Amino acid sequence: MIVCRSKAEIAKLRRVNQLVARILAEIRRMAVPGATTREINTSAETRVREAGAVPAFKGYHGYPATVCASINEQVVHGIPSNRRLADGDVLSIDMGAKLDGFYGDCAVTVPVGRVSPEAERLLRVTEEALFHGIEAVRPGARISDIGAAVQRHVEAHGFSVVREFVGHGIGTALHEEPQIANYGPGGRGPRLAEGMVLAIEPMVNLGGAGVKVLGDGWTAVTRDGSLSAHFEHTVVVTPEGCEILTLLEDDAARARELMGAAVQNNW
Ligand code: MF3
Ligand code: CO
């Protein structure tokens, strides 16, 4: 069953998702050559707890940290460590938190120092694909319309969509129904309705779509070693389309650029 949230529940979801987005905007600035992903993780955890919230990933099926920090060919679920970021790396930072019983979830991939034109293009196309997926969200649309829009954009640019990990409903649990694949034909699956809350999170590889999980049981990497990017927003279905709960007011202009006038937020 896909839950439709009330106005009061959506207000709580807006609060936690705005918190996650704000902290992510702060910690992404730490992604500079020489920094470790452990430092970024520690700062994220401190900020989450200062806000009276709880990290959502830490302890989830045994995951050991507040953020996932995935470098270069790491796709998702990289564990923060003492590895130092290098000029030219790309770093995906994924963070979730729980506040007042409700969850927020958001991810970005950022360049470290100066990155190659190819890496820049991968980041841009992946974020655009996320916004194309978000544009497909409105009452009456079907779940698979999201993945169809993501895949069309990614493949038009010669990149590939990861199949093994999907987006998800989110609310009083981090992962709720439905699963949201980032590929496949549109027009399938349940119809979207006002009040549904979805975390949409395309993962895109510069090379082939194949991934494998390393011996730590978490870190997913591309099979061919090519770079990978990951962007995630949490959205709620509104009468006219959707509101992006993890969009900061400061980023609204950029979001409008990436997906037309469809931004429905009222901060
Ligand atoms: N955003 C990812 C997801 O929703 C991150 C989960 S990390 C985990 O699946 F540790 F919580 F699994
Ligand atoms: Co998620």
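With which range of angles among its six donor atoms is the site of the cobalt ion (ligand 2) arranged, and is the site octahedral or irregular?

Analyst: This is a predicted model, and the values below are computed from its atoms. The angles among the six donor atoms of the cobalt ion (ligand 2) run from 66 to 170°, and the site is irregular. For six octahedral donors the ideal angles would be 90 or 180 degrees. The donor atoms are supplied by Asp 105 through OD, His 168 through NE2, and Glu 201 and Glu 232 through OE, at 2.0 to 2.2 Å from the cobalt ion (ligand 2). Read along the sequence, these donor residues follow the spacing D-x62-H-x32-E-x30-E. Asp 105 belongs to strand 5 (residues 102-111), whereas Glu 232 lies in the loop between strand 13 (228-230) and strand 14 (233-237), so this pair ties together parts that are 127 residues apart in sequence. Both Asp 105 and Glu 232 are buried.

Turning to the aromatic rings, the structure holds one aromatic pair, formed by Tyr 63 and Trp 218 in an edge-to-face arrangement, with 4.9 Å from centre to centre and 80° between the planes. This pair links distant parts of the chain, 155 residues apart, since Tyr 63 sits in the loop between strand 1 (54-55) and strand 2 (67-71) and Trp 218 in the loop between strand 11 (211-213) and strand 12 (220-222). Tyr 63 counts as buried because its relative accessibility is 3%, where the cut-off for buried is under 20%. Another ring, that of Tyr 183, has the charged end of Arg 163 over it, 4.7 Å from the ring centre.

Key: Residues are numbered from 1 along each chain as its sequence is written. Chains are lettered from A and ligands numbered from 1 in the order in which they are written. This is a predicted model: local features need pLDDT of at least 70, side-chain atom pairs count only at pLDDT 80 or more; totals for chains, interfaces and linings use all residues. Side-chain values use heavy atoms; hydrogens and water are left out. Rings of Phe, Tyr and Trp (its six-membered ring) pair if their centres lie within 6.5 Å; planes under 30 degrees apart count as stacked, over 60 as edge-to-face and the rest as tilted. Helices (H or I, at least four residues) and strands (E, at least two) are DSSP runs, numbered from the N terminus. Buried means under 20% relative accessible area, exposed over 50%, partly exposed in between (1.4 Å probe, protein chains only). A charge sits over a ring if NZ of Lys or CZ of Arg is within 6 Å of the ring centre and within 35 degrees of the ring normal. Donors are N, O and S atoms within 2.8 Å of the metal (3.2 Å for Na, K and Ca); water is not among the atoms, so sites may look incomplete. Four donors count as tetrahedral if all angles lie between 85 and 135 degrees; four count as square planar and six as octahedral if opposite donors are over 155 degrees apart and all others between 65 and 115; anything else is irregular.
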